[in-house]
Amino acid sequence: MKRKMVWLALAMLLLLGASFTGALPAGAQTAATWTGFYYPNVNLQGDAAFTRGEPYIDFVWGSYSPVNGIPNGGFSIRWIRWLFMNQTGAWQFTTITKDGARLFVDDQLVMDAWYAQPTSAHSVTLNLTQGFHLVRMEYFNNGGTAEAHFAMQYIAPAPAPQPVGPVWHGEYYNGMDLAGMPALFRDDANLNFNWGGNSPGLGIAQGINWSARWRITQNTPTTGYYTVSATADDGVRVWVDNNLLINQWKDQPPTTYLAVAYLTAGMHDWRVEYYQHLGGSMIAVTITPGGNPGPVPPPPGPQPGPQPFDLAIDTRSAYFQKGGTGNGWQPVANGYGGTAFWTMNNSYAQSRYNWARWYVPPTRACYYQVSVYIPAGYATTRNARYWVYHAGKYEARTVNQAASGGQWVSLGTFNFNGTGGEYVSLSDVTYEPFLSSRIIFDSVNFAPRCL
């Protein structure tokens with residue numbers, strides 16, 4: 001009775017194996033046959049002892065050698081083939097092997113059963129785009145009987161995309177310095193990853209020496225302080241509106257850093273950069289309302305406008321200068337002191353870019369709070385880059401003009417020598433896509449804050 005049950009089980013396995021013959025569906029054409037590399041050891045080491053083309057992976061060797069020069073037991077095989085998926089959607093890959101098997105698709109490990117086992121089936125379902133994909137199956141036999149089978153089939157169309165909020169647009173690079181062309185582009189709903197020693201995705205090095213940059217533009221519902229938390233292993237940097245908040249670009253175990261930013265209501269541009277060197281890899285970034293700013297100046301929000309004894313320099317003043325392409329300047333009538341000017345942005349400092357300066361007239365040495373007026377209804381840039389030249393040094397400030405229409409916005413408080421030649425400058429260089437936004441030039445106010 002027991003012998004009859006054993007033969008019945010073997011017959012069922014052989015029938016299952018036979019069903020995989022010619023298992024590639026008509027919809028999955030191939031670029032060529034499988035190329036099989038046969039090794040006389042269990043770990044694919046050294047040079048292959050035998051190589052041949054094979055139309056299918058569908059073998060039952062029993063206790064015999066698969067080819068001349070390979071032992072009856074204790075061998076391994078690697079098969080490689082480009083397969084064409086004629087539809088975008090879910091594809092199921094199945095292996096049946098006596099002992100170990102693992103499967104790679106586009107060089108990404110997708111199924112790992114690399115251990116001694118009785119004849120067993122393993123399946124994985126992947127969402128793949130239409131086109132050619134590189135498939136690699138690896139197999140080892142630890143002794144005794146040997147068999148290996150592979151099949152694939154189309155399961156279902158890809159699910160329709162669901163409406164979602166803003167996402168982080170990711171660029172992943174091989175190498176730790178974010179250099180060259182990205183090897184992988186991907187959108188992520190949030191930044192909360194723990195890859196360990198694994199690759200973050202197709203085309204990126206396995207566990208070491210890679211980097212990534214993510215960008216998002218998202219709405220801040222109310223004006224106030226926000227806490228930014230970044231936990232990383234290894235290096236991390238975080239910007240908002242091109243202002244660097246967190247700069248911890250170094251090898252480190254998982255470490256959390258906090259920063260507090262004062263944000264106006266409206267859209268803000270965020271950028272996160274990360275690199276992985278050795279060991280584990282993880283990053284988690286959150287932005288939450290509230291926070292203790294510590295001993296910092298009052299928030300750089302809207303200001304009340306020029307007061308008595310302030311120095312307000314508008315576009316009609318002799319202390320205002322502008323230059324660049326003459327026909328690039330467009331006048332508007334709703335400036336604080338009369339006429340304002342707007343121009344389309346440059347992505348970087350090209351020749352003949354437009355610029356303006358508001359000079360501090362000769363006056364007493366003092367600390368001055370510097371504010372700029374943003375007329376309503378014209379500016380769309382979120383990256384107006386002001387430079388304050390004072391007391392022999394330059395300091396940069398970025399203003400989201402698109403979210404600040406009809407307001408005075410403080411750039412901060414700076415010490416000025418008062419001897420002339422000091423100024424605030426603004427150009428149309430915003431580092432946004434070329435001619436994608438409008439930048440406006442109007443009045444600058446210098447309010448004395450002498451000690």
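Strands are DSSP runs of E with at least two residues, and helices are runs of H or I with at least four, both numbered from the N terminus. Asn194 lies in strand 13 (residues 191-196). The model is predicted: local features need pLDDT of at least 70, side-chain atom pairs count only at pLDDT 80 or more, and totals for chains, interfaces and linings use all residues. Residues are numbered from 1 along each chain as its sequence is written, and side-chain values use heavy atoms, with hydrogens and water left out.

Asn194 is exposed, with a relative accessible area of 64%; exposed means over 50%, buried under 20%, and partly exposed in between (1.4 Å probe, protein chains only). Contacts are heavy atoms within 4.5 Å. Leaving aside residues up to four places away in sequence, Asn194 touches Ser281 and Met282. Asn194 and Ser281 are 87 residues apart in sequence, yet their C-alpha atoms are 6.2 Å apart.

The protein chain has one helix and 33 strands. Of its 451 residues, 45% count as buried. Among chain contacts between residues at least 6 apart in sequence, 75% join residues at least 24 apart.

A nonpolar core is a set of buried Ala, Val, Leu, Ile, Met, Phe, Trp, Tyr and Cys residues joined through side-chain atoms within 4.5 Å. The largest has 31 residues. Trp358, Val370 and Phe416 are among those with the most contacts inside it. Elements giving two or more residues to this core include strand 27 (366-374) and strand 30 (407-416). Strand 27 supplies the largest share, five residues. Beyond four places in sequence, Phe416 touches residues including Val370, Val388 and Phe446.
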